[in-house]
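The model comes first, and the comments follow.

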Amino acid sequence: MEPIRLSTADGPLNLYRLAQFLEVAEQLSFTRAARKLHITQQALSTAVRRLEKDLGVALFERTTRRVALTRAGRTLRDGARTLLMVSRAVTVQTRQAGSTHRTLG
């Protein structure tokens with residue numbers, strides 16, 4: 001299998017930021033998402049802005065009254081669910097595979 005070669009512009013997504021984005025995308029509210037994630041709204045807004053900067057696209061249309069997903073945001077939302085599900089499955093499988101061997105301590 002060929003190794004995956006990524007430029008810095010095409011680097012992998014930060015899964016933690018992706019999960020934060022997904023919460024905002026599902027709530028369509030930074031306030032509700034921050035409350036659910038147990039972080040400040042400012043921290044969540046900063047994380048989403050970093051993700052937008054990393055991707056080079058706006059993920060949300062923000063007004064003082066509402067938050068809506070852009071086309072790019074909808075695309076990421078749909079893919080994020082899959083990425084996070086696969087990430088969790090790989091984590092579980094890795095831990096299960098390691099549990100049959102001596103654990104690190």
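1. Phe-60 has a relative accessibility of 4% and therefore counts as buried; here buried means under 20% relative accessible area, exposed over 50%, and partly exposed in between, with a 1.4 Å probe and protein chains only. Phe-30, at 9% relative accessibility, is buried too. Phe-21 is likewise buried, as is Phe-60.

2. Before going further, note that this is a predicted model, in which local features need pLDDT of at least 70 and side-chain atom pairs count only at pLDDT 80 or more, while totals for chains, interfaces and linings use all residues. Residues are numbered from 1 along each chain as its sequence is written, and side-chain values use heavy atoms, with hydrogens and water left out.

3. The structure holds two aromatic pairs. Rings of Phe, Tyr and Trp (its six-membered ring) pair if their centres lie within 6.5 Å; planes under 30 degrees apart are stacked, over 60 edge-to-face, and the rest tilted. Phe-21 and Phe-60 make a tilted pair, with 5.4 Å centre to centre and 50° between the planes. This pair links distant parts of the chain, since Phe-21 is in helix α1 (residues 15-27) and Phe-60 in strand β1 (residues 60-62), 39 residues apart.

4. The pair of Phe-30 and Phe-60 is edge-to-face, at 5.6 Å centre to centre and 65° between the planes. Phe-30 belongs to helix α2 (residues 30-37) and Phe-60 to strand β1, so this pair ties together parts 30 residues apart in sequence. Phe-21, Phe-30 and Phe-60 form one aromatic cluster.

5. On the overall layout, the chain has four helices and two strands, in the order α-α-α-β-β-α along the sequence. Helices (H or I, at least four residues) and strands (E, at least two) are DSSP runs, numbered from the N terminus. Of the 105 residues, 28% count as buried. Among contacts between residues at least 6 apart in sequence, 47% join residues at least 24 apart, a contact being heavy atoms within 4.5 Å. The chain exposes about 8000 Å², of which carbon and sulfur atoms supply 54%; areas come from the Shrake-Rupley method with a 1.4 Å probe, and for residues only the protein chains shown count as cover.

6. How far apart are the end C-alpha atoms of α1? They are 18 Å apart, which agrees with the 18 Å that its 13 residues should span at 1.5 Å a residue; the expected span is 1.5 Å times one less than the number of residues. Asn-14 caps the N-terminal end of α1, with a side-chain oxygen 2.9 Å from the backbone nitrogen of Tyr-16. Just after α1, Leu-28 takes a positive phi of about 50°.

7. Which residues of α1 are buried? They are Arg-17, Leu-18, Gln-20, Phe-21, Leu-22, Glu-23, Val-24 and Ala-25. The buried residues of α1 pack against α2, α3 (41-55), β1, β2 (67-69) and α4 (71-98).

8. Glu-23 deserves a separate comment. Glu-23 sits in helix α1 and is buried, with a relative accessible area of 11%. Leaving aside residues up to four places away in sequence, Glu-23 touches Ala-33, Lys-36 and Leu-37. With Lys-36, Glu-23 forms a salt bridge (3.6 Å, N to O), the term standing for a side-chain nitrogen of Lys or Arg within 4 Å of a carboxyl oxygen of Asp or Glu. Lys-36 lies in helix α2 and Glu-23 in helix α1, so the bridge ties together parts 13 residues apart in sequence.

9. The structure holds six salt bridges. One of them joins Arg-77 to Asp-78, with the closest N and O atoms 3.0 Å apart. Another joins Asp-78 to Arg-81 (3.8 Å, N to O). Asp-78 and Arg-81 are three residues apart in helix α4, and so are separated by about one helical turn. Asp-78 is partly exposed at 42% relative accessibility, and Arg-81 is partly exposed at 40%. Through shared partners, salt bridges join Glu-26, Arg-77, Asp-78 and Arg-81 into one network.

Note on methods:
A polar contact is a pair of N or O atoms within 3.5 Å; within protein, one must be able to donate a hydrogen and the other to accept it, and residues adjacent in sequence count only if both atoms are side-chain atoms.
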